[in-house]
Amino acid sequence: MTQQEIQIYTAGYCGFCRRAKALLESKGVSFTEIHVDHDPAKRMEMVQRCGRRTVPQIWIGEQHIGGFDDLYALEHAGELDELLAPPGASSAA
């Protein structure tokens with residue numbers, strides 16, 4: 001099965017972006033990184049999608065997760081692995 005599609009809007013200067021990417025990498029998932037720091041059109045795309053101007057902005061599948069704090073809160077609550085599971089996969093053991 002394939003994993004959920006993950007997109008993360010980032011900027012090179014952003015420490016929270018680096019932390020979000022590191023957390024996702026620690027989970028062994030791949031993601032599409034969309035750099036907005038030198039691309040006003042991509043930044044506008046991000047703002048139109050979520051209404052927020054800050055980075056990172058993270059989507060797992062069609063669900064907007066938010067920024068690093070939101071991603072970390074999901075991890076801390078034990079909910080991130082379920083969101084990252086392939087579509088249709090059951091987390092029940």
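Trainee: In β4, which residue is the bridge partner of I60?

Mentor: Q63 is the partner. This is a predicted model: local features need pLDDT of at least 70, side-chain atom pairs count only at pLDDT 80 or more, and totals for chains, interfaces and linings use all residues. Residues are numbered from 1 along each chain as its sequence is written, and side-chain values use heavy atoms, with hydrogens and water left out.

Trainee: In which sense do β3 and β4 pair?

Mentor: The general idea comes first. Strands of a sheet pair through backbone hydrogen bonds, either parallel or antiparallel. Two strands count as paired if DSSP finds at least two bridges between them. Strands (E, at least two residues) and helices (H or I, at least four) are DSSP runs, numbered from the N terminus. Here β3 and β4 are antiparallel, over three bridges.

Trainee: What is the strand order of the open sheet?

Mentor: The order is β2-β1-β3-β4, four strands with mixed pairing. From one strand to the next, the twist averages 20°.

Trainee: Which strands does α1 touch as it packs on the sheet?

Mentor: Contact means heavy atoms within 4.5 Å. Helix α1 touches β1, β2 and β3, and its direction makes about 160° with that of β1. Such angles run from 0 to 180 degrees between N-to-C directions; axes are lines fitted to C-alpha atoms, for helices over the stretch in contact. Helix α3 lies across β3 and β4, at about 100° to β4.

Trainee: Which residues touch the most other members of the largest nonpolar core?

Mentor: In soluble globular proteins, nonpolar side chains tend to be buried together. A nonpolar core is a set of buried Ala, Val, Leu, Ile, Met, Phe, Trp, Tyr and Cys residues joined through side-chain atoms within 4.5 Å. Buried means under 20% relative accessible area, exposed over 50%, partly exposed in between (1.4 Å probe, protein chains only). The largest core has 15 residues, and I58, I60, I65, L71, L80 and L84 touch the most other members. Elements giving two or more residues to this core are β1 (6-10), α1 (15-26), β3 (57-60), α3 (68-76) and α4 (80-84). A second, separate core has 10 residues, including A11, V36, M46 and V47.

Trainee: What does L84 touch, not counting residues up to four places away in sequence?

Mentor: The contacts of L84 are Q3, Q4, I6, L24, K27, V29 and I60.

Trainee: How many aromatic pairs does a search of the whole structure find?

Mentor: Rings of Phe, Tyr and Trp (its six-membered ring) pair if their centres lie within 6.5 Å; planes under 30 degrees apart are stacked, over 60 edge-to-face, the rest tilted. The search finds three pairs. Y9 and W59 have ring centres 5.5 Å apart and planes at 65°, so they are edge-to-face. Y9 is in β1 and W59 in β3, so the pair ties together parts 50 residues apart in sequence. Y9 is buried at 0% relative accessibility; W59 is buried at 4%.

Trainee: How are the rings of F16 and F68 arranged?

Mentor: They are tilted, 6.1 Å centre to centre with 35° between the planes. F16 is partly exposed at 44%, whereas F68 is buried at 8%. F16, F68 and Y72 form one aromatic cluster.
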